[in-house]
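These are my notebook entries on a structure I went through element by element.

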Amino acid sequence: MVARSVSSTARAPRFPWLDAMRGLAILMIVLYHITIPIYGIPWFAHPRNDWPDLEARLAQIRPLPQENLLSFLLANLFRYIGWLGYQGTGVFLVVSGFGLTWALASRSREAEIDRRAFYLRRFLRLFPLYWVGHFFFLVFHNVVGWRPFSPLDPRFVLSLVGFRFLPEVFHFISPAWWFIVLIMQLYAVFPFLWMALQRLGLLRFWVGAALLTAISRGIGFFLLPVDWEMWSRGLFFPSRLAEFALGMGLAWWAAGETRRMEDLIRSPRAWAGLLALYGIGLSLSFTLPGAVVAPMLVTPAATGFLMLLARGLLPRLRWLYRGVSALGAYSYSVMIFHQPILWAFIAWLWPFTMPLTLRLSLIGVVAVLVFLGSAAIERGTYWMLQQRPLNQVFPQPGPYALPPARTGHFPS
């Protein structure tokens with residue numbers, strides 16, 4: 001299929017705060033992954049086959065005693081905020097759905113997709129850096145002695161081609177990579193989701209995605225012999241479809257009624273509703289039946305909170321806004337590289353006796369170095385793809401938004 005652009009110069013208008021949202025979301029995820037090896041995985045929002053009873057799940061969130069008030073406040077605030085960082089993945093799903101759909105809907109709600117160009121763009125975005133991550137950690141794990149593995153390990157080959165949905169591979173090399181494989185699945189079905197949005201309209205599309213998500217999560221939790229944790233995270237994309245569809249629908253709405261959506265975002269009633277959703281969703285996440293719908297309540301609220309920070313508060317602190325936006329621009333490479341490095345460092349650091357403030361400061365320094373290193377690797381990888389002979393093997397695709405083949409009415 002030959003790519004047909006809407007116009008030779010047309011580009012979808014950018015939302016500058018989207019990078020800041022990505023930056024805040026990846027910070028949440030990094031903080032969560034720092035918290036896990038220190039305080040363990042939180043039972044809420046993480047249904048597992050070895051879940052203890054409800055009383056034990058609730059008991060886990062009791063404050064930890066410390067030697068003094070300052071340590072008590074620091075340790076427990078860090079633990080609670082860190083444990084909530086898992087919500088950053090849901091925000092990424094919303095932002096991803098928004099970005100892909102905005103590139104189409106901002107030109108025309110009737111736009112069609114050049115699937116060849118779309119899939120090539122997504123492939124070049126995901127796989128080269130994903131492959132670099134594999135070989136980086138092949139060296140890193142064996143050099144530092146942190147969970148070393150062999151390139152002949154069948155799991156390495158399966159992960160390399162994206163087959164991380166297998167139980168033996170799901171947590172291999174870097175457990176955080178489950179999210180990348182979920183995104184691969186959602187990218188694969190996006191053109192079909194776009195057609196569904198065009199035909200169904202916004203409300204029916206959202207309702208359908210929510211029902212499919214709830215049904216798939218319920219089937220996985222109560223009917224199939226699957227790992228609950230893997231299923232709830234996104235082993236099979238329908239279990240997280242509603243969050244991605246939320247972003248798609250917001251972009252569709254923004255393309256036709258930007259002012260109305262902006263007014264709603266600023267409405268005190270909307271924020272009160274988001275707080276209520278957040279509280280209800282977080283409470284439901286402590287139980288297995290509640291976990292069926294909890295992400296569909298927590299993620300919209302978390303997305304709204306980060307949007308408020310990214311659009312309203314951070315721009316007032318220019319230097320911080322620029323830093324968070326830069327981090328968001330390289331969030332994919334940070335997602336690939338941060339977890340094994342930080343976990344290996346924490347495992348090395350923790351036996352030493354030192355104040356908690358010093359421990360966290362050292363971890364923070366390493367995290368900053370990981371951010372900088374990830375950005376450098378990402379820039380280097382995509383620079384190499386533009387050089388000969390790689391630019392002949394991986395040619396840059398054109399735009400994937402096509403003008404509508406026919407003029408018709410689509411429901412709003």
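I began with D19, which I find buried, because its relative accessible area is 17% and the limit for buried is under 20%. The model is a predicted one, so I treat each value below as computed from it. The side chain of D19 meets that of R22 in a salt bridge, with 2.9 Å from N to O, and R22 itself is partly exposed, with a relative accessible area of 23%. Both residues belong to helix α1, where they are three residues apart, or about one turn of the helix. An α-helix has 3.6 residues a turn, so residues three or four places apart point the same way.

I then searched the whole structure for salt bridges and got six. One of them joins D50 to R48, with the closest N and O atoms 3.0 Å apart; D50 is partly exposed at 46% relative accessibility, and R48 is partly exposed as well, with a relative accessible area of 21%. Another is formed by the side chains of R125 and E378, at 3.0 Å from N to O. R125 sits in helix α5 and E378 in helix α17, so this pair ties together parts that are 253 residues apart in sequence. I noted that R125 counts as partly exposed at 27% relative accessibility, whereas E378 counts as buried at 5%.

Which residues have the most contacts inside the largest nonpolar core? I find M21, F190 and W194, in a core of 135 residues. Helix α1, residues 17–39, gives the most to this core, with 15 residues. Leaving aside residues up to four places away in sequence, I listed L100, T101, L104, I113, F118, F244 and M248 as touching F190.

On the surface I looked up a nonpolar patch, which is formed by L203, V207, L211, I215, I219, F222, L223 and L224 and has about 800 Å² of accessible area together. L223 lies in the loop between α8 (202–222) and α9 (228–233), and I record this residue as exposed, with a relative accessible area of 66%.

Among the buried residues of α14 I noted V298, L306, M307 and A310.

R147 has a positive phi of about 50° although it is not a glycine, and I place R147 in the loop between α5 (115–144) and α6 (154–160). I173, also not a glycine, has a positive phi near 70°; this residue is in the loop between α6 and α7 (178–200). Is I173 buried or exposed? I find I173 buried, with a relative accessible area of 9%.

The peptide bond from R388 to P389 is cis, with omega near 0°, and P389 is in the loop between α17 (356–385) and α18 (390–393). P65, in the loop between α2 (54–59) and α3 (69–83), is exposed, with a relative accessible area of 71%.

Technical notes. Residues numbered from 1 in each chain as written. Predicted model: local features only at pLDDT ≥ 70, side-chain atom pairs only at ≥ 80, totals over all residues. Heavy atoms only, no water. Patch = residues over 30% accessible without salt bridge, like charges linked within 9 Å, V, L, I, M, F, W, Y side chains within 5 Å. Areas by Shrake-Rupley, 256 points an atom, 1.4 Å probe, with all protein chains shown as cover. Salt bridge = Lys/Arg side-chain N within 4 Å of Asp/Glu carboxyl O. Helix = DSSP H or I, 4+ residues; strand = E, 2+ residues; numbered from the N terminus. Buried < 20%, exposed > 50% of the residue type's maximum accessible area, 1.4 Å probe, protein only. Core = buried A, V, L, I, M, F, W, Y, C linked by side-chain atoms within 4.5 Å. Contact = heavy atoms within 4.5 Å.
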